[in-house]
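Walk through this model from its overall division down to the surroundings of its ligand. Keep the structure open as you read.

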Amino acid sequence: MKCSRCKQLACVSLPSHNSGFCAECYPLFFTRQVETAIRREKMFTREERILVALSGGKDSLSLMLELALQGYAVTGLHIDLGIPGSSEKARAKVETFCAAHGLKIQVLEMEKEGLPIPDVKAHVNRPVCSVCGRIKRHHFNRVALEGGYDALATGHNLDDEVARLFANTLRWDTAYLSDQGPVLPAREGFVRKVKPLFRLSEFETANYAFLKGIEIHSDPCPYASGASFTGHKELWGELEHRSPGQKFQFYQGFLKNGKPAFAAREKEIGEPLAPCCECGSPTSAGTCSVCRIKAAVRESKAKTTGA
Ligand code: SF4
Ligand code: ZN
């Protein structure tokens with residue numbers, strides 16, 4: 001196959017785009033997709049300050065580099081979860097990457113926040129990944145608001161979005177369906193959230209990271225159950241193989257035809273939010289879920305140690 005741009009030998013084939021690219025032209029394809037996402041969805045401007053959530057994986061580091069190369073005012077935020085044997089490696093990758101590219105970065109340590117994930121795993125009787133995800137989202141939002149950032153960008157790609165949409169659809173979870181999309185506008189207590197990689201698949205982002213020589217943190221988290229959307233991604237991989245472009249069509253169809261209806265319904269029945277009485281984050285329950293988790297960990301630890 002020849003490169004769709006320069007007609008040299010292509011090294012990446014993209015059936016869903018009916019095209020292929022050589023190593024030199026591929027990053028340009030990636031850039032165009034990110035530019036299109038930002039422009040069409042009105043994600044942010046070059047005058048705005050963007051906080052980028054950095055896990056150390058291929059998606060977040062590719063996103064950070066690409067936005068910086070496009071001239072956006074980006075700062076990275078890495079959350080050190082305090083998981084032995086894993087968090088220090090992820091943090092080292094993020095710090096080395098940012099230092100090598102001259103990018104600003106902030107690190108938030110869950111140990112100092114009183115919520116290291118091993119404590120959550122040991123003391124909270126709920127699936128650790130759902131609690132961990134909640135804690136991360138809470139802190140990304142809080143840091144973005146406190147730092148006066150205009151938007152929080154995350155590296156969610158098309159496969160992540162489609163797998164999540166599919167799972168929410170299977171459960172007909174209207175609250176989540178109303179809240180899913182490449183842009184969640186800012187509202188009281190919530191910073192604007194954007195996903196500039198939503199047009200790109202996992203494969204496409206992995207190729208970009210590889211061709212740009214980004215060293216990523218790829219070790220699986222020791223607490224990962226392996227169940228998180230993996231089956232749905234495999235299913236969609238099969239559908240995409242049979243009918244290239246299906247994933248993007250499904251997601252775009254939802255944004256156009258499904259999301260507005262769910263959003264309107266949720267506006268009618270959604271619970272009103274008020275600031276958490278401990279940390280000020282929006283909640284419908286007096287004390288927000290993260291403050292309640294923190295208290296549960298504290299109490300359980302005190303019982304265990306007899307303090
Ligand atoms: Fe947190 Fe689970 Fe991800 Fe590990 S796999 S970082 S526990 S969400
Ligand atoms: Zn709170």
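The protein splits into domain 1 (27-270) and domain 2 (273-307), with bounds from an automatic or database domain assignment. This is a predicted model: local features need pLDDT of at least 70, side-chain atom pairs count only at pLDDT 80 or more, and totals for chains, interfaces and linings use all residues. Residues are numbered from 1 along each chain as its sequence is written, while chains are lettered from A and ligands numbered from 1 in the order in which they are written.

The C-alpha centres of the two domains are 25 Å apart. Domain 1 puts 14 residues into the contact and domain 2 puts in 12; contact requires C-beta atoms, placed from the backbone, within 7 Å. On the domain 1 side, α4 (117-123) and α5 are the elements that give two or more residues. Helices (H or I, at least four residues) and strands (E, at least two) are DSSP runs, numbered from the N terminus. The largest share of that side, 5 residues, belongs to α5.

Helix α5 (residues 128-146) also gives the most to the shell around ligand 1, with 4 residues. Shell residues have a C-beta atom, placed from the backbone, within 6 Å of the molecule. Leu81, Ile117, Val128, Cys129, Cys132, Gly133, Cys221, Tyr223 and Ala224 surround ligand 1.

Now turn to the strands. Strand β4 (residues 73-80) pairs with strand β5 (residues 104-109) in the parallel sense over 6 bridges; pairing takes at least two DSSP bridges. His78 sits opposite Val107 in β5.

Conventions:
Contact = placed C-beta atoms within 7 Å.
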